[in-house]
Amino acid sequence: MRTIVITGGTDGMGAALTRHFIEAGDRVVVIGRSQAKFDALTDGSAEFVGADLSLVADSRQVVDHLTARRERIDALVLAASFIRQRRHTTTEGREASWVLFFVSKYLLTTGLAGLLRAADRPVIVNTAVPGARADAIDFADLELTRGFTFRRANAQQRRANELLGITATRDIPGLSYVTWGPGRLVRTSFAGEPGLAMKTAAAVLGPLLGQRADDAVRPVVELIDNPVPGRSARRGAKEVPLVVGPDDERDAAQLST
Ligand SMILES: NC(=O)c1ccc[n+]([C@@H]2O[C@H](COP(=O)([O-])OP(=O)(O)OC[C@H]3O[C@@H](n4cnc5c(N)ncnc54)[C@H](OP(=O)(O)O)[C@@H]3O)[C@@H](O)[C@H]2O)c1
């Protein structure tokens, strides 16, 4: 029986994956904030770990919790999302989007490396949409204290997550690390404060052009059922080239630092 850990597994595409893998008979561990959403989703056969992944301390607790209770993780799906148009400082004094969309993923990926190494065919699917520019990271101001916009914060975390694959595949031999985004809009909860333009686009375009979450995640199921070792990037079911910058190794190392 495989163990599948899904952050943001209480809603949207994460919830679709939770339902799928429970039905497939896997051991599913869901990480999110809402126990009520989890209870509505499952029949008690999965485990819920409550955590606010915009807090560094919570990500560390998740790592400790899983390390103490699990022998192996076969698949880690990183799908927690809370959209913010404005810069927000957490109670830890850190920028919330940067921590939720990158630092927590870094802490889970590196902290759970031992459990992933114990799997025969380990896989990480990181739902940070691939394809951000190689120079999207402001190393001098990672928490964007100056000039925060959703677009900049989004591009920066997406690039950082593509580079995280370098660190992860080096630390976990045989790992399949995929940065994945849906092929088109998916009708999900769009948790957070997406702003009027994004809300309107989702409300108007979603019913016309949007995919159901259950359909959108089919390629993710395939990536987990048949993992291919190494780093790769996908939109929907389609493989897309990794963005290669002049200093990728150095940039990945700098992110770790
Ligand atoms: N929907 C799309 O069209 C689309 C397009 C491109 C990329 N994506 C990407 O796909 C992924 C999934 O998106 P989605 O639209 O399916 O998500 P969603 O429906 O908005 O659900 C977000 C999930 O994240 C959890 N979450 C939010 N804040 C959290 C926090 N601080 N700590 C822990 N968990 C938190 C929520 O659970 P709780 O309420 O329990 O905390 C929920 O389960 C994201 O990475 C997103 O960027 C989506």
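A residue is counted as near a molecule or strand if one of its heavy atoms lies within 4 Å of it. The model is predicted: local features need pLDDT of at least 70, side-chain atom pairs count only at pLDDT 80 or more, and totals for chains, interfaces and linings use all residues. Residues are numbered from 1 along each chain as its sequence is written, and side-chain values use heavy atoms, without hydrogens and water.

The ligand is surrounded by 27 residues. The closest are Thr10, Arg33, Lys37, Thr127 and Thr188. By class, this shell holds 13 nonpolar, 10 polar and 4 charged residues. Here Ala, Val, Leu, Ile, Met, Phe, Trp, Tyr, Cys and Pro count as nonpolar, Asp, Glu, Lys and Arg as charged, and the others, Gly among them, as polar.

A polar backbone atom of Asp11 is 3.1 Å from a ligand oxygen. For an N or O atom in the side chain of Ser189, the distance to a ligand oxygen is 2.9 Å. For a backbone N or O atom of Phe190, it is 3.3 Å. On its own, the ligand has 900 Å² of accessible area, and the protein covers 91% of it (Shrake-Rupley method, 1.4 Å probe).

An open sheet is formed by 8 strands, ordered S3-S2-S1-S4-S6-S7-S11-S12, with mixed pairing. Strands are DSSP runs of E with at least two residues, numbered from the N terminus; two strands pair if DSSP finds at least two bridges between them. Strands S3 (47–50) and S12 (238–240) stand at the edges with a single partner strand each, so one side of each has no neighbour in the sheet. Strands S6 (residues 123–126) and S7 (residues 176–181) run parallel and are joined by 4 bridges. Asn126 stands opposite Thr179 in S7.

Methods
Polar contact = N/O pair within 3.5 Å; in protein donor to acceptor, adjacent residues only side chain to side chain.
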